[in-house]
Every structure is written in structure tokens, then in C-alpha cells.
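Good morning, and thank you for coming. Please look at the sequence and the structure as they come up.

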Amino acid sequence: MLWLNLKAAVKKIGFCIAIGGVLAPTMTYAKLQAYRINQPIAVDVVEITDLSNLQLYLNDKHGQPYQDFQRLKTSLQPICKKMEFAMNAGMYQANLSPVGLYIENGVQQKSLNRATKGFGNFLIQPNGVLAWNANQAIITTTQKYAASNFKARNATQSGPMLVIDGHMNQNFLAKSDSLKIRNGVGIKNGKLYFVISRTGVSFYAFAQYFKDNLGVKDALYLDGSISSAVISDLNRFDRNLRPLGPIVAYTPTFKCK
């Protein structure tokens, strides 16, 4: 694992000790930690442990889609919130409305999409749901989510699942030549791992990174081609080439006048 933004990582982690010439964090974990990896694929990773400041955003106070990170960032400033991380958060229709389940701040705006056949990545089976409240996050298949009684404060449905119960989705081809910038999210020990590639990768290579390198049990694909992110600690602020639908963002409150 290659840490390219070590100063920022140390700032977020806290006290570190040297082991074999490499700085290793103590067991005091940050609420948000970001790092850049070059091998086996080039990705940026954001780890989230503080679910209370992780929120989905779709429409502004006028009911209009934010569409891009800058508009969302600007809207947060008057309410004393800082956007430390943001990423497109699931597939959407031409009018920017979610394709599947969407719950924002406790309000369900779109019901669970249980379709299993049709065109597009969303319907590659199994697809799934990322959901969380202040205490717990889950990533699971659509079928399992439908059978659960999880009380989500935020939830977004996307597809396909990249990793299911520790196994890669069998619909992916190891020799696929479909290479795109992709983003997704995995979960391990209650911590969420948001990942975006910096170069074009296949579904197979992307899923393999979650399984083998991050060691997550479950991971969900969020999208490709339109994939973009804001990661303050990595000095990354992508300019959206296309309007975005749902956005997931880590937006802690800060002191302001």
C-alpha cells in the first residue's frame, strides 16, 4: 500500500509509530481517512467511521437537483457545514432521479426497485443497497435488504454488487476490455470504504481490489464513466462532466459566525 498523502493521513490518524521505516497508525482511528494507491490498480480510497456526518444529497431547498459538487458545497456554507468528501452515489434517470431505493435524512423518496431483468449495469444481478443510520451501515443484496427490517436514515440502491459474502460477483470477466473510471463502496468491521479509480479499470479488477486488497465482505458498484469525487485530504476536486443525481458526502459542522 503506497501512501502518497502521508502528511494528511497522519493528521487525520493522530499519533503514529515507526515500524520498519514506515509510519503505522496507533489504534486510535480517525473519523475520515483518505489515501492514494497505485497498485494493483490506481485508486483513491476514503474510509468512513463517523456515520453521523455522512449524508445523501439530491435536491436543494428549492427542490432542484444539485447536479454538481460545487453547488452542494456552496449550499452547505450558510449552515456551517464543510464538505470534506463527496462522491456520486448510485444510478439515476435522465431527470436525475434515482433508479432505485433512495432515502435521504430519514425520508424515502424512491421505493426499492426489485426488477431483475433488463438493460444496464443496475440490473446485473445481484444488485444491492448501501444503507446507514447514526450507529450502523450495511451493504447487502436487494433481496436481503427487502427481507430485513433495517432502519435506514440514508439509503441508495445501485448495481451490480461487486462482492457478496466475501465472493466476487461471478458475472464479471477476468479478461474484459471494458475499461472505465469506476467508483464503489465496501464495508468491513462496520467501516465504509469508498473507492474511485484514477484510470480505466474493468469490473473484474475493481471488484478484485475490494475483495483481495481491502478484504471487504460486501461491496457495491456505484457507477462508471461519470464517476467523480471530492477528497479534501488528497487535494482532489473533480469537475463534473455530466450532471449528477444522488451524491454522498461527509459534511461535519464547523464553527462559523
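Let me begin with a question: is Cys80 buried or exposed? This is a predicted model, and in it Cys80 is buried, because its relative accessible area is 17%, under the 20% cut-off. Cys256, in contrast, counts as partly exposed at 33% relative accessibility.

These two cysteines belong together: a disulfide joins Cys80 to Cys256, with an S to S distance of 1.5 Å. The pair links distant parts of the chain, 176 residues apart. Cys80 sits in the loop between helix H2 (69-76) and strand E6 (85-88), while Cys256 lies in the segment after strand E19 (247-250). The structure holds one disulfide.

I turn now to the nonpolar cores. The largest has 30 residues, and those touching the most other members are Ile48, Leu54, Phe85, Leu192, Phe194 and Val248. Strand E15 (residues 191-197) supplies the largest share of this core, three residues. Apart from it lies another core, of 25 residues, including Tyr35, Met168, Phe206 and Phe210. As for Phe85, its contacts beyond four places in sequence include Leu32, Val46, Ile48, Phe194 and Val248.

Finally, consider Asp44, in strand E4 (residues 43-48). Asp44 is buried, with a relative accessible area of 1%. What do its side-chain polar contacts look like? One of 2.7 Å joins Asp44 to the side chain of Arg36, and another of 2.7 Å joins Asp44 to that of Arg236. Beyond four places in sequence, Asp44 also touches other residues, among them Tyr35, Phe194, Ile231 and Leu234.

Key
Residues numbered from 1 in each chain as written. Predicted model: local features only at pLDDT ≥ 70, side-chain atom pairs only at ≥ 80, totals over all residues. Heavy atoms only, no water. Core = buried A, V, L, I, M, F, W, Y, C linked by side-chain atoms within 4.5 Å. Buried < 20%, exposed > 50% of the residue type's maximum accessible area, 1.4 Å probe, protein only. Helix = DSSP H or I, 4+ residues; strand = E, 2+ residues; numbered from the N terminus. Contact = heavy atoms within 4.5 Å. Polar contact = N/O pair within 3.5 Å; in protein donor to acceptor, adjacent residues only side chain to side chain. Disulfide = S-S within 2.5 Å.
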